[in-house]
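Here are some friendly notes to read alongside the model. Please keep the sequence and the 3D view open as you go.

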Amino acid sequence: LKSCTLKVAPPEPVNLPISPYPTQSVMDYTLDEEGNITSRMLFGRQHEKAQLQELVSGGFANYRDAFVRGVRRAGKTSLLHYLGFYITHCCRQDGVLPVYVSCQDCADNRYIHNVFVCQVLDDLATSGLVDISTDAWAELRRRWDLPPQAPDRTLGSLKTFFVELSQALGGKKLVLMLDELDTLIQRFERDENVYNGLLSSLDGLLDDANLHRYVHFILCGSNNLIRYQMDGGILHQAFQWINSLEVGSLPYQDIKAMLCAPCRELRYTLRYTEAALEYIYRFTGGAVWYTRLLGAALVDKLAAEQRSVVYPSDVCDCTAKVITITNCKQFYEACGNPEKAVLQSLQRYTGHLDASAAPDEIRMGLPEGSDSLTLNSSLELLQQLGLICQLKDSSGTRYRFATEMHRQFFRSQYKGSDCEPSDDDQFRRPARAARSSDARLEELAGLL
């Protein structure tokens, strides 16, 4: 080896102009030559697509309302946009218009007017699917304008609005997709009158057979919607008979395709080692938006360093930025007090990757007087919310955080003297030190 002279080829030019991963929801859906819908926003999801198509099959009278729920940032909004594109370009039912409304944009307590009137009219006006130059459209907008100081509209007036809207559109019908519904409900939880009024209004809309002659509803939100599905809740009955579509995280192979395929198509030099892809998946748990954010951060990092190969140490360097952008605190704030106590107790036993705790260990960290029934109920709810997962082995049942992102966030928030020691730093240091040798091995492997 000492007498060998290795001729190392110069590194290939780095081509990473901008991130190929959209971090904002964009309508880039197109039809390929075979009539299939393609998009950079949507990978996999064949089962969910089929379920959405089934909701709008047949005549409008056969359309069905549905709840679409799942873990946060799993790609539910992209599926709603897919449904809108499918209705517009693939459905054989004429005279049906998709309308997308984000409840997150509701600015004040006049939620009925803002969500069901203003945003519906605005989305139709910018969709290019309706003629907004007609007298009928102008008259409808004038009649349904609401002075700033006026109180919110009533459910009865909302029913009249959809009838008049259909008439102004020449008899066209609507499929109204309400996104971020749980965000709207949470906003008014502390105002009992507004909160109960909102849930009653939703229940009334879903239960009105006459209204379904003009509009059908797709209600979408995170798994926090489960809290309003509990027995005794106002929406409990609606959850029992309405269609429910659950959106989980993407499997590893789809996440891998989502990260690698755009780079190949754009002829980027970015390349992921298998170990880096595996750690990205463990960090995000297959949540689409978090994966895109992490991918975008990696592109920025490697472009600045003029490198093309992503190692696990690069992923480690970008995780803190993603945790900050995603506002992980919202996970905690969306929970009730019993669930918060369980999360705070669990983080004491999760000092390293994939660490878990038994129910008895978690119980030891709960406030005095906490009983097993409350603990089991909280553990079940946190699983449904996608914050923790259950493990079973020869030693019994154990629990850990659902993703590495959740674990790191809760460790940083509640880390105290009673926590198990963390190996996060030990994980990062050798990874950083190994980067140069990793690059050299990659180089030599290519030569050999």
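The points below cover the background, the sheet, its helices and the cores.

1. This is a predicted model: local features need pLDDT of at least 70, side-chain atom pairs count only at pLDDT 80 or more, and totals for chains, interfaces and linings use all residues. Residues are numbered from 1 along each chain as its sequence is written, and side-chain values use heavy atoms, leaving out hydrogens and water.

2. Start with the open sheet: five strands in the order S4-S5-S6-S3-S7, paired in parallel. Strands are DSSP runs of E with at least two residues, helices are runs of H or I with at least four, and both are numbered from the N terminus; two strands pair if DSSP finds at least two bridges between them. Strand S4 (96–102) and strand S7 (243–247) are the edges, each pairing on one side only.

3. Look next at strand S3 (residues 66–70), which five bridges join to S7. Here Val 68 stands opposite Leu 245 in S7.

4. Which residues touch the most other members of the largest nonpolar core? They are Leu 270, Tyr 272, Leu 343 and Ile 388, in a core of 58 residues. Helix H11 (residues 288–305) gives the largest share, nine residues. A nonpolar core is a set of buried Ala, Val, Leu, Ile, Met, Phe, Trp, Tyr and Cys residues joined through side-chain atoms within 4.5 Å; buried means under 20% relative accessible area (1.4 Å probe, protein chains only).

5. Another core, of 39 residues, lies apart from that one and includes Phe 67, Trp 144, Leu 206 and Leu 211.

Conventions: Buried means under 20% relative accessible area, exposed over 50%, partly exposed in between (1.4 Å probe, protein chains only).
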